[in-house]
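Trainee: I am new to this one. Can we go through it together, starting with how far to trust it?

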Amino acid sequence: MKSAELRQKFLGYFASQGHEIVPSSSLVPGNDPSLLFTNSGMVQFKDVFLGVDKRAYQRATTAQRCVRAGGKHNDLENVGYTARHHTFFEMLGNFSFGDYFKEDAIRFCWQFLTEILKLPKERLWVTVYAEDDEAFNIWSEGIGFPTDRISRIGDNKGAPYASDNFWQMGDTGPCGPCTEVFYDHGAHIWGGPPGTPEEDGDRFIEIWNLVFMQFERTKEGEMRRLPKPSVDTGMGLERLAAILQGVHSNYEIDLFQALIKSAHDLAAVGTDPNNASLKVIADHIRSCSFLVVDGVLPANEGRGYVLRRIIRRAIRHGYKLGMQAPFFYKLVQPLVEQMGEAYPELAKMQTQVEQALEKEERRFAETLEQGMKILESAIADLAGDTIDGETVFKLYDTYGFPLDLTADIARERNLKLDEAGFELAMNAQRERARAAGKFGTDYNDKLAIDSETDFHGYDTLAEASVVIGLFSA
Ligand code: ATP
Ligand code: MG
Ligand code: MG
Ligand code: MG
C-alpha cells in the first residue's frame with residue numbers, strides 16, 4: 001500500500017466514525033510563541049483542548065506535517081542513525097474535544113490496525129502509563145489483548161530515548177498520560193520490547209501514541225485540569241507505511257526510495273546506494289522544503305537558524321559523497337513528484353523553494369571546503385579523542401559550521417567536541433566584540449534557536465547541547 005493510499009485510508013476511516021477531516025496546519029505554529037515548530041497533530045488544536053477556542057465539531061482527524069528539529073521534541077541527531085526518525089514526517093491523528101475518551105480511542109485504534117489494515121495481532125505490543133489501570137483494563141479486558149505484551153511505563157524523566165508514557169507538547173501546554181502501540185519487526189533486528197533496556201533498538205517500533213489529554217502544564221509548573229478530558233492521537237505515516245510495505249526502515253518505503261534514488265543519481269559514481277548520508281539528504285530535503293513553503297528562510301537566529309543548520313548538514317553529507325554544490329535544490333523536483341499532490345502548496349512554491357535552497361548552498365559552498373580542510377588537519381593532529389574548542393569555534397564563527405554539523409562529523413569518527421573550550425572561545429569573542437563597540441553580533445542569539453519562544457533559549461552551551469542533543473552521543 002502506497003503512503004498516499006494509507007493517508008486516505010486513515011482519514012476515511014475516522015471520517016466514517018464521525019470525525020471532521022481538517023487540513024494540516026503550517027509548520028510554524030499560528031499563535032503559539034511557546035513552540036518552535038508544529039511537532040504533532042495536536043498543535044493546531046491546542047486552544048480547543050484548553051477550552052479557549054471552540055470548533056463546530058467535537059471529533060477531528062488530520063494528516064499533519066511535523067518537524068522535530070529543536071525544542072522539546074528533537075530528532076535531528078537521530079536521522080541517519082535509526083530506522084524510524086525523521087526531521088520531517090506526517091502524523092496521522094484523531095482527536096476528541098471533550099467527546100469520547102479512553103475506551104473509544106483504544107477501540108478505534110484497534111479496529112483500524114487489525115480490521116482495516118489487518119496487521120498481525122501477535123506482532124503488536126502495548127504500553128500504558130504506569131498508574132493508568134483504566135487503560136490497562138480496557139486493553140486487557142475490553143479488547144482481550146494479552147497482558148504479557150502490555151507494559152506499564154512511567155515518566156522516565158531525563159532519559160532521552162526511553163519511552164515515556166506521559167506526553168507533553170512542550171514545557172507548557174496540554175498534556176496527559178498515554179498508551180502506545182508498538183510493532184515487532186522480528187528477531188533478526190536488534191532491540192527489546194518497550195520498557196526494557198534494549199528498547200532503543202529498532203526491532204520494536206512505536207507506531208501510535210494515544211494521549212488522554214487531561215492537564216495543562218503552566219509556566220509555573222502547575223498541573224491544571226482541562227475543562228473536559230480529551231483525546232489526541234498520533235501515528236507516523238512513514239512507520240506505518242514501512243509495515244504495510246513489508247520493509248523495516250522508514251527509509252525503504254516508496255516515497256523515500258524515490259528521493260534516495262534521486263540523491264544517489266547526483267552523488268559520485270560508485271557511491272553505495274545504502275550509504276547513510278543519502279538517507280540524511282532525503283530526510284532533510286523534506287524538512288527544508290516544507291519549512292520554506294511555510295515561510296521560514298535561512299537566518300542566524302530562531303526558526304531560520306534551525307533551517308540553516310538542516311540545510312548545511314545536508315550539504316555536508318552531500319560533500320562527503322562527492323556532490324558538487326549546489327545539488328540539494330535539485331531534489332525539490334523529485335520531492336514535488338512524491339508529495340505535490342497531497343500538498344499542492346509545495347508544488348505551487350517549487351521555484352521559491354529551489355531558489356532559497358540554492359542561495360543557501362552557494363553561500364555555504366564558499367566556506368565548506370576550507371572549513372573541512374581545517375577540521376581534517378585538526379583531526380589528523382589529534383592526540384586524544386576530543387576536537388579542541390578553538391577549532392570548533394573557528395569553524396562555527398568563520399566558516400559557518402553550525403555546532404551540530406561539526407558534532408555530526410565528530411560522531412562519525414567516534415570523536416568528541418571540547419564543549420568547555422568552545423564556550424571559552426565564544427566568550428572571548430563576545431568580549432572582543434563588546435570592547436570594539438560592536439553590538440551587532442550577540443553570540444548567544446545564534447545559539448538560541450528557541451529565541452522566538454517563551455520558554456528558555458539556551459543560556460549556556462551545556463544547555464544548548466542538551467536540548468539539541470550535541471554531546472550526548
Ligand atoms: P519515538 O519514541 O520513536 O522517538 P515518540 O514517542 O517521540 O517516538 P510521539 O511524540 O509519541 O513519538 O509521536 C507520535 C507518533 O509519531 C509516534 O508514535 C511515531 O509513529 C511518530 N513519530 C514521532 N517522531 C517521529 C519522527 N521523528 N519521525 C517519524 N515519525 C515519528
Ligand atoms: Mg521521540
Ligand atoms: Mg516514544
Ligand atoms: Mg510516543
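Mentor: pLDDT is the predictor's confidence in each residue, from 0 to 100. Contact means heavy atoms within 4.5 Å. This is a predicted model, where local features need pLDDT of at least 70 and side-chain atom pairs count only at pLDDT 80 or more, while totals for chains, interfaces and linings use all residues. Residues are numbered from 1 along each chain, ligands are numbered from 1 in the order written, and side-chain values use heavy atoms, without hydrogens and water.

Trainee: What pLDDT does the protein average?

Mentor: Of the residues, 90% score at least 70. Over residues 440-473, pLDDT stays under 50, though the model has 87 contacts there beyond four places in sequence. Where pLDDT is low, the predicted coordinates should not be read in detail. The protein's average is 89.

Trainee: Which residue coordinates both magnesium ions, ligand 4 and ligand 3?

Mentor: Donors are N, O and S atoms within 2.8 Å of the metal (3.2 Å for Na, K and Ca); water is not among the atoms, so sites may look incomplete. Ligand 4 is coordinated by Glu 180 (OE) and Glu 206 (OE), at 1.9 to 2.2 Å. The two ions are 3.2 Å apart, and the residue coordinating both is Glu 206.

Trainee: Is Glu 180 buried or exposed?

Mentor: Buried means under 20% relative accessible area, exposed over 50%, partly exposed in between (1.4 Å probe, protein chains only). Glu 206, at 24%, is partly exposed. Glu 180 has a relative accessible area of 3%, so Glu 180 is buried.
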